[in-house]
Amino acid sequence: MKRITFLIVFGLVVLTGCKTSGPVAGSNTNVSQKPETMTDNALQPVNYSEQSTWLLGYINPVQLKREPHSMWFYKGYDEYRADPVAITSLSGIIPDGLTIKIVMGTWCPDSRREVPRFMKILDTWKFPSDLVTFIGVDNGKNSPIGGYEELDIQRVPTFIIYKNNVETGRIIENPVTSLEQDIVNILVKE
């Protein structure tokens with residue numbers, strides 16, 4: 001019975017993806033450090049639609065490197081192979097005046113796929129981690145942060161790039177070309 005319930009819930013999450021419309025409930029980024037201990041629970045499948053697994057509000061990226069999130073974070077980070085041409089272009093861009101906001105839902109498969117990749121790109125680029133802000137949302141795209149509504153988040157993940165505190169572009173849910181090429185396109189469009 002539990003397995004059937006899990007499959008039904010899992011199927012609903014997959015079918016609705018990260019596009020749900022209503023809520024259910026009202027910094028060191030060095031990725032090379034793997035979690036030191038893994039409990040037996042790490043071997044059990046995690047139901048990320050369970051509210052107890054959600055990270056809401058400001059997120060310290062270290063939280064993504066701890067159970068239950070470490071499994072998907074390290075897998076996505078380690079397996080991603082960025083486009084070397086785009087990375088070369090990106091490495092020629094000096095990040096002066098740039099900041100990035102990452103709005104994500106740990107319940108969202110798209111966020112769990114794209115955020116580790118994005119972090120690997122930023123690490124490869126050597127983008128300063130203190131210039132990246134992570135914001136966790138519930139499945140209604142709400143977050144307990146003052147002024148959050150002004151971001152007008154419709155889908156997650158949303159990567160917002162600012163130049164001198166002015167939004168210069170967004171990558172919403174899925175990249176158009178690739179994450180790294182989309183970052184280059186946003187930054188050189190001026």
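Let's start at Lys-126, which counts as exposed because its relative accessibility is 68%, over the 50% cut-off. This is a predicted model, and Lys-126 sits in the loop between H4 and E3. Its backbone is worth a look too: phi of Lys-126 is near 65°, a positive value in a residue other than glycine.

Glu-173 is buried, however, because its relative accessible area is 7%, under the 20% limit.

| Residue | Relative accessibility | Class |
|---|---|---|
| Lys-126 | 68% | exposed |
| Glu-173 | 7% | buried |
| Leu-179 | 1% | buried |
| Ser-111 | 0% | buried |

Now for the strands around E3. Strand E3 spans residues 132–136 and is mostly covered, with four of its five residues buried. On the antiparallel side of the pairing, three bridges join E3 to strand E1 (residues 57–59), and Gly-57 stands opposite Gly-136 in E3. Strand E2 (residues 98–104) runs parallel to E3 and is joined to it by five bridges; here Ile-100 has Val-132 in E3 as its bridge partner. Together, E2, H4 and E3 form a right-handed β-α-β unit.

Helix H4 covers residues 109–125 and contains Ser-111. Ser-111 counts as buried because its relative accessibility is 0%. Leaving aside residues up to four places away in sequence, Ser-111 touches Trp-72, Met-104, Gly-105, Pro-116, Val-156 and Pro-157.

Pro-157 is placed in the loop between E3 and strand E4 (158–163). Another cis peptide bond joins Glu-67 and Pro-68, with omega about 0°, and Pro-68 lies in the loop between E1 and helix H2 (70–79).

Finally, have a look at Leu-179 in helix H5 (residues 179–188). Leu-179 is buried because its relative accessibility is 1%. Beyond residues up to four places away in sequence, Leu-179 touches Tyr-80, Glu-114, Arg-117, Phe-118, Ile-121, Phe-159 and Ile-171.

How values were computed. Residues numbered from 1 in each chain as written. Predicted model: local features only at pLDDT ≥ 70, side-chain atom pairs only at ≥ 80, totals over all residues. Heavy atoms only, no water. Helix = DSSP H or I, 4+ residues; strand = E, 2+ residues; numbered from the N terminus. Buried < 20%, exposed > 50% of the residue type's maximum accessible area, 1.4 Å probe, protein only. Contact = heavy atoms within 4.5 Å. Pairing = 2+ DSSP bridges. Right-handed = clockwise from strand over helix to strand, strands pointing away.
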